[in-house]
Amino acid sequence: MRPFKIDFSRHLPIYVVLLLAAFLSSCSIERSGPPNILVFLVDDLGYMDIGANNPDSFYETPHIDGLADSGMLFTDGYAANPVCSPTRYALMTGKHPTRADATNFFSGKRSGKFDPAPLVDNMPLDEVTVAEVLKAEGYRTYFAGKWHLGESEKYYPQNRGFDINIGGHTRGGPYTGNKYFSPFDNPQMEVDSPEGDHLPDRLARDTAKFIDENKDGPLFAYLSFYSVHTPLMGRPDLVEKYEKRAKEIEGTEFATEEQIYGDKPRQVRVLQKHAVYAAMVEAMDEAIGKVLQQLEDSGVAGNTIVVFTSDNGGLSTSEGLPTSNLPLRGGKGWVYEGGIREPWIVRYPGVTKPGSVSDVPINSIDLLPTLAAAVGAEVTHEIDGLNLKPALEGGSLEQRSLYWHYPHYSNQGGIPSGAIREGDFKLIERYEDGRVHLYNLKEDIGEQNDLAQKYPEKVSKLRSQLHAWYEEVDAKFLQQKEDGPEPWRP
């Protein structure tokens, strides 16, 4: 396993340098009024899938990397859950999804040795979303792309605080019509695209149009890509580009990972070389570039907060195994770092320093309180996240632990488990039998050296905190099958 190293001295292509210079120039212009807000959420994008985190990435992401150079890159940014719907819930509400038993993708109820924990597969209608918070402050609100937070229209974005919804409905992927290529046959797109149109570009064009039409602001645009989720489908020109490049790459593509179903080991990708996935990543990056350019063209870049993140780790152990997260272990569906550590970038004019880097651990639950504070909105109901502004200014946050709870059998073979991170240490607790593992992430980002036997006092402390958190959020656990053994309980 190669050492975990982030090289922030990479040389950017000249056109990216020029774009960055243009942005910095625009930010020097004083702008009044509340800030506009633009959030990019990418589906299944891994931490090591962008050049800003991985200069050796097989995929080209110049626009995302340029965003990192113009804002703050978080090295220790996390998703609230190793799969999509719970993290999306956390981003929308500022809460741990465990509080509502929204602990798996909607509606994932796979059984293993035991039945999974009870699952609520709609975001409750009494939850206050970030869109509702901003709308109450006079914001024009817009959603495009994947929603996956409810089974019927009453749960869709247009009924959860968004004035406009383009493409968000119950499905977790672009499974209707011609999928990533038109006709999309999406029930939440009033007007379909011309034949052959590409979904990420369509969503980017619609988002750019919204920004320009509402440039007098304030506006809130939430572009939630269906990319780079399966089905694995790429633009032919980009697929051809990466197929040629892949032929030049040698090395072992796959290794083995533990298996939660049966006795056979599960394959995990250890080399980025998948041409179709690479094409999907680059097309998504191009779409982001189009929207960022619209901020410039509409004259609002200097007064727009931009947030970029993903909903879970890269897909590495199932459904095509398209990406490698190394040196992070595992991927989507696992509470190892490969499943929960995410790309996180924030550009906040007047607050973040261009090209800055923070190792402050942050989480999906922090989006709502951060944006609410940025616009002066008072959050009067209970949430779990923190306002990230102190970290965005280059400082630290109040000391806290981060928690994860995944009492399910993932499609990707992940272990039903919970985790706590405090400082450099991370403890994982398995829900089938209660075994625990302890890792020092500073020294062992790949989670290969289990320190549980070496530091029993640390294990006891972290486990007690984790169990107290279970009680606080009313966590549910694996269920006994009829005539089956009883599962472990904390």
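**Strand S4 and its sheet**

Tutor: In this predicted model, strand S4 (residues 140–145) and strand S6 (residues 219–224) pair in the parallel sense, with six bridges between them. Within this pairing, tyrosine 142 has alanine 221 of S6 as its bridge partner. S4 is also joined to strand S5 (residues 164–166) by three bridges, and these two strands run parallel. Tyrosine 142 has a bridge partner in S5 as well, namely isoleucine 164. As a general point, the strands of a sheet pair through backbone hydrogen bonds, either parallel or antiparallel.

How enclosed is S4 by the rest of the structure? Five of its six residues are buried, and therefore S4 is largely enclosed by the rest of the structure. Buried here means a relative accessible area under 20%.

We may now turn to the sheet as a whole. S4 belongs to an open sheet of eight strands, whose order is S5-S4-S6-S1-S9-S10-S2-S11 and whose pairing is mixed. The edges are taken by S5 and strand S11 (356–358); each has a single partner strand, so one side of each is left without a neighbour in the sheet. Direction ignored, neighbouring strands of this sheet are turned against each other by 15 degrees on average.

Helix H2 (residues 62–70) touches strand S2 (72–74), S9 and S10, and its direction makes about 55 degrees with that of S10. Helix H3 (residues 84–93) touches strand S1 (36–42), S6, S9 and S10. The direction of H3 makes about 175 degrees with that of S6, the strand that pairs with S4 over six bridges.

Finally, let us follow the chain beyond S5. Asparagine 178 has its place in the loop between S5 and helix H5 (199–213). With a relative accessible area of 38%, asparagine 178 is partly exposed, because values between 20% and 50% fall in that class. Apart from its neighbours within four places in sequence, asparagine 178 is in contact with Pro183 and Met233.

Conventions: Residues numbered from 1 in each chain as written. Predicted model: local features only at pLDDT ≥ 70, side-chain atom pairs only at ≥ 80, totals over all residues. Heavy atoms only, no water. Buried < 20%, exposed > 50% of the residue type's maximum accessible area, 1.4 Å probe, protein only. Helix = DSSP H or I, 4+ residues; strand = E, 2+ residues; numbered from the N terminus. Pairing = 2+ DSSP bridges. Axes fitted to C-alpha atoms, helices over the stretch in contact; angles between N-to-C directions. Contact = heavy atoms within 4.5 Å.
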